[in-house]
Amino acid sequence: MQNSQIGQVMHATSLRPTAQSNQDSHSKIGGNRVKSGLPSRLTCAIFDHLDDDGRDIARQYEDRLKLAEACDSLGFYAYHLAEHHCTPHGRGPSPNLFLASIAQRTRRLRFGPLVLLLNLYHPLRAFEEICMLDQLSGGRLELGIGRGSQPIEWGYFGISAGAAPSRYMEASEILNVALKSDTLSYQGSHFELNSVPLTLRPHQRPYPPTWIASNRTESAEWAAANGANLACVGPASAVRSITDAFRCRRARCTAADDREPFLGLARMIVIARSDGDAHAAAETAYGQWLDSFKFLYELNATPTPPTLPLSFDAALESQLCVIGTPASARQQLLNQMEEAGTNYLLCQLAFGTLPLDISLYTASAIRAEIIDSFG
């Protein structure tokens, strides 16, 4: 499955967490390393498109906030939100607005965009919002930043596919300078800043932990060299080549500390008391999610990604979806994480038409079957 399914691709950026920010972000996994098979501890988090559920938008927002509150109390590590525009595939086009609500409705749950589409922001504005979110939450922000992989969405903002790479590189360079400086000056093709006073700072020093979302080996190698966390999607066997590349590059990095960064595997998960109940709920929900995903492609007569599962059976076969009883889902997830070489499970618990009660049951089952076992 291509990168857009877990937000947008974050290409190489110069942001690099320090040892202190890594320590803050990895407090739940301690210093455990994956040597063979499963690590001694796994970390579970939430991933969300906030895709159209067919109901009133305000009610959907409130349901997601209730789900975040529940996941906070259940011991999930973080809530990651994708950014999409002009499509039912994402009802959170301004992720920082929604994440500010998450910050106020939770106490321990970390959160962040996966990823913030830096192409669509003035980098000074992005910097200020990052500082605000981190301060509002007492230092719980997980910062995913990327160029994005949907030229159709950029185009609605007047940004061409040709201009996007250089615009993103300038914006990421400016953000990197801003996070390390008291004043900001920059001269580029897209942005010009002259002695701008920076009066805000993030709570986490020098800045929050960073993330990339990619299934490319070169991106994984960059993440390993620069202390970033990695989120992947796709069949476990394919993801294994990415995590192997990450670990190989990290082993050659003299600056690396003893902590294993998060290597994430994204899965749509539905757990119920019987396999039949889980299958029925997930199949209906996936149909709605798929329609939302295809919306802009069909509107613009553009072929959908070749790796997109066009049926629920295909989604199961490709391991995009995991369904079952608590026990069977646990075994599937642990087997896939072991094969993929990951230590961070990105659980998409709410998608399509799934009602809140099913998402809450799934979250509780993950707590009982995985979080309690490895916490």
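Visitor: Is Ser195 buried or exposed?

Guide: This is a predicted model, in which local features need pLDDT of at least 70, side-chain atom pairs count only at pLDDT 80 or more, and totals for chains, interfaces and linings use all residues. Residues are numbered from 1 along each chain as its sequence is written, and side-chain values use heavy atoms, with hydrogens and water left out. Buried means under 20% relative accessible area, exposed over 50%, and partly exposed in between, with a 1.4 Å probe and protein chains only. Ser195 is exposed, with a relative accessible area of 57%, and has a positive phi of about 50° although it is not a glycine.

Visitor: What is phi of Leu50, and where does Leu50 lie?

Guide: Helices (H or I, at least four residues) and strands (E, at least two) are DSSP runs, numbered from the N terminus. Leu50 lies in the loop between strand E1 (43–48) and H2; its phi, near 55°, is a positive value in a residue other than glycine, and Leu50 is buried at a relative accessible area of 0%.

Visitor: Which residues does Arg64 touch?

Guide: Contact means heavy atoms within 4.5 Å. Arg64, found in helix H2 (residues 57–74), counts as buried at 7% relative accessibility; leaving aside residues up to four places away in sequence, Arg64 touches Asp48, Leu50, Asp51, Phe98, Ala350 and Phe351.

Visitor: Which peptide bond involving Pro206 is cis?

Guide: The bond that joins Arg205 and Pro206 is cis, with omega about 0°, and Pro206 is found in the loop between strand E7 (192–197) and strand E8 (210–213).
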